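User: I have a model to go through. Please take me through the strands and their pairing.

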Amino acid sequence: MRGPKDFRLSDGTVIDHLPVGTAARALEVLNLPRGGPVTVGMNVPSTTFGRKDIIRVEGVELSKSELDRLALLGQRVTVSLVRDGDVAHKVVLETPLEVEGILRCPNPTCITNQEEVVTVFHRIGDFPYRFRCHHCERTRSIHEETEEALPTRR
Ligand SMILES: [Zn+2]
């Protein structure tokens, strides 16, 4: 029986309860690999969700900006900071109702693509999320974008 023990590490970060199919997106968002080795589990059995994706990154702690991006991928994405083999800090990321400055609008004529205007998207309903542009009302999912459309601050 494979379980969470396969994903233990001494120092680093475990990103758990990613919806199946979002691990690749999370790797892009986090600009991985960086730091130490990265272990990715996809379609892993989960007691809570049936199936999930999970990522283990050694030697890396995530920034607030990176957590804000991960929060858009699922409704119960869990991030654990591990130090000396123990979970030092664990957070369940909440997807905000309003997302500022992260998502790009897919509408080329939207003012956010024409001028230096910060994007604002409103979350529509529950998971799987869609987001509506505050400026032009175009809606989008989290999966529609390219690397370019979801830049990670480096
Ligand atoms: Zn727009």
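This is a predicted model: local features need pLDDT of at least 70, side-chain atom pairs count only at pLDDT 80 or more; totals for chains, interfaces and linings use all residues.

User: How many helices and strands are in the protein chain?
Analyst: From the N terminus on, the elements run β-α-β-β-α-β-β-β-α-β-β-β. The count for the protein chain is three helices and nine strands.

User: Which strands does β1 pair with?
Analyst: Strand β1 covers residues 12–18. G12 stands opposite E58 in β3, and I15 has V79 in β4 as its bridge partner. Each pairing is antiparallel and has five bridges, one with β3 (residues 50–58) and one with β4 (residues 78–83). The partners of β1 are β3 and β4.

User: How many residues of β1 are buried?
Analyst: A residue is buried if 20 or more other C-beta atoms lie within 10 Å of its own. In the protein chain, buried residues make up 26% of the 154 residues. Strand β1 is mostly covered, and of its seven residues the buried ones number six.

User: Which strands stand at the edges of the four-stranded open sheet?
Analyst: The order in this sheet is β6-β7-β8-β9, with antiparallel pairing. Two of these strands have a single partner strand each, so one side of each is left without a neighbour in the sheet. The edge strands are β6 (98–100) and β9 (139–140).

Note on methods:
Residues are numbered from 1 along each chain as its sequence is written. Helices (H or I, at least four residues) and strands (E, at least two) are DSSP runs, numbered from the N terminus. A residue is buried if 20 or more other C-beta atoms lie within 10 Å of its own, exposed if 12 or fewer, and partly exposed in between; C-beta atoms are placed from the backbone. Two strands pair if DSSP finds at least two bridges between them.
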